[in-house]
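Here are my notes on this model, point by point. Please read them with the structure open.

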Amino acid sequence: MNSTSGQKTGIGKVTLTVNDLDRVSGFYQEAVGLHLLRGDASAVELGVEGKTLLELRRDPTARRRSHREAGLFHTAFLLPSRADLARWVQHAMKTRPPVVGASDHAVSEALYLADPEGNGVEIYADRPVLSWQWKNGLVHMPSDPLDIDALVAARGSDEWRGFPEGSIVGHVHLQVGAIPAAEAFYADVLGFAVTSRYPGGTFYAADGYHHHFATNIWNSRGAAQRTYPSTGLADIEILAGDNFAASAKSRADETGTPAAERPQGLTISDPWGIQISIVSSAANNLKG
């Protein structure tokens with residue numbers, strides 16, 4: 001899938017509902033490295049270069065989402081280079097945030113955290129595109145142990161100062177109730193290509209990337225539609241070319257998928273009530 005307007009397709013921002021805005025915002029600034037852009041007592045926007053990557057909305061009465069239900073598995077923040085990731089790791093060794101895993105995926109190197117309300121976070125850097133191994137349209141993407149020492153050795157002389165210019169949300173990984181229904185939505189309705197399959201998980205992308213979305217049933221097999229108000233994922237924003245939303249709306253109408261047109265695109269919900277906003281605007285071109 002490619003944009004006819006020349007705009008790359010990718011993730012714009014992720015929006016979460018949280019009970020404790022101050023605590024969660026502090027985590028994403030101090031442990032993750034996002035910069036505070038703007039905020040008040042009800043919501044905070046975090047990102048880099050004035051571009052919002054994460055919006056936090058305060059709702060102290062929202063029920064706490066169970067790790068067994070559909071919703072967010074993790075938000076994955078993509079750093080521009082391996083050296084940037086190495087500097088984050090060196091910083092993390094000093095500040096000791098709650099890192100829960102680290103993997104070498106061949107296409108990328110990644111570390112994993114959980115925020116104070118249980119929302120998953122990935123911080124990663126891609127390996128050079130020409131090193132990615134594709135076969136029959138699927139990319140080789142294992143979960144091997146990460147060589148931390150080798151990674152840290154690539155940090156250079158600069159110190160970590162928070163997310164650098166060019167950082168984006170690289171992908172969003174979701175928990176769903178069933179893989180066939182997930183593929184019917186993310187591939188057949190939204191139009192993303194399936195790029196990899198694990199037991200109980202499928203990965204999707206546009207424009208030759210390894211994945212912009214992933215769906216799994218590792219904790220959530222058989223999950224029902226989400227009920228609100230709830231903490232956790234509130235919205236995922238897709239930035240795309242002008243025809244993306246129109247094509248998705250046409251396929252949604254054909255399949256009876258709930259979708260509503262908006263001034264710059266479309267709002268659509270997956271089979272578990274996970275909301276996705278598609279923004280078609282040249283003003284929102286992705287970096288890189």
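Buried here means under 20% relative accessible area, exposed means over 50%, and partly exposed lies in between (1.4 Å probe, protein chains only). The model is predicted: local features need pLDDT of at least 70, side-chain atom pairs count only at pLDDT 80 or more, and totals for chains, interfaces and linings use all residues. Residues are numbered from 1 along each chain as its sequence is written, and side-chain values use heavy atoms, with hydrogens and water left out.

1. Isoleucine 179. At 15% relative accessibility, isoleucine 179 counts as buried. Isoleucine 179 belongs to helix α4, residues 179-189. Helices (H or I, at least four residues) and strands (E, at least two) are DSSP runs, numbered from the N terminus. Contact means heavy atoms within 4.5 Å. Neighbours within four places in sequence aside, isoleucine 179 contacts Gly200, Gly201, Thr202, Thr215, Asn216 and Ile217. Tyrosine 124 is 55 residues away along the chain, with 25 Å between the two C-alpha atoms.

2. The rest of α4. Buried residues in α4 are Ile179, Ala182, Glu183, Phe185, Tyr186, Ala187 and Val189. An α-helix has 3.6 residues a turn, so residues three or four places apart point the same way. Just after α4, glycine 191 takes a positive phi of about 95°.

3. The cores. A nonpolar core is a set of buried Ala, Val, Leu, Ile, Met, Phe, Trp, Tyr and Cys residues joined through side-chain atoms within 4.5 Å. Which members of the largest nonpolar core touch the most others? They are Tyr28, Tyr186, Leu190, Phe213, Ile276 and Ile278, out of 67 residues. A second, separate core has 14 residues, among them Val107, Tyr124, Ile168 and Ala205. Back in the largest core, phenylalanine 213 deserves a look. Beyond four places in sequence, phenylalanine 213 is in contact with residues including Ile11, His171, Tyr186, Phe192, Tyr204, Ile238 and Ile276.

4. Threonine 195. This residue sits in strand β13, residues 193-198. Threonine 195 is buried, with a relative accessible area of 4%. A polar contact is a pair of N or O atoms within 3.5 Å; within protein, one must be able to donate a hydrogen and the other to accept it, and residues adjacent in sequence count only if both atoms are side-chain atoms. The side chain of threonine 195 reaches the backbone oxygen of histidine 210 at 2.5 Å. Not counting residues up to four places away in sequence, threonine 195 also touches Trp134, Leu138, Phe203 and Tyr209, among others.

5. Glutamate 109. Another, of 3.3 Å, joins the side chains of glutamate 109 and arginine 127. Leaving aside neighbours within four places, the contacts of glutamate 109 also include Leu85, Ser103, Tyr124, Leu146 and Leu151.

6. The second largest pocket. On a 1 Å grid over the protein atoms alone, a pocket is an open set of points where a 1.4 Å probe fits, with protein on both sides within 12 Å along at least five of seven lines; lining residues have an atom within 4 Å of a point. Grid points are joined across faces, edges and corners, and a volume is the space filled by probe spheres set on the points. The second largest pocket holds about 340 Å³ of space. Of its 20 lining residues, Phe73, Gly118, Asn119, Gly120 and Gln175 are the closest to the centre. At least two lining residues come from each of β5 (71-79), β6 (99-104), β7 (108-114) and β8 (120-126). The lining has 7 nonpolar, 11 polar and 2 charged residues. Here Ala, Val, Leu, Ile, Met, Phe, Trp, Tyr, Cys and Pro count as nonpolar, Asp, Glu, Lys and Arg as charged, and the others, Gly among them, as polar.

7. Backbone points to check. A cis peptide bond joins tyrosine 228 and proline 229, with omega about 5°. Proline 229 lies in the loop between β15 (213-216) and β16 (232-240). Alanine 106 is not a glycine, yet has a positive phi of about 70°. Alanine 106 is in the loop between β6 and β7. Aspartate 207, in the loop between β14 (201-205) and β15, has a positive phi near 60°.
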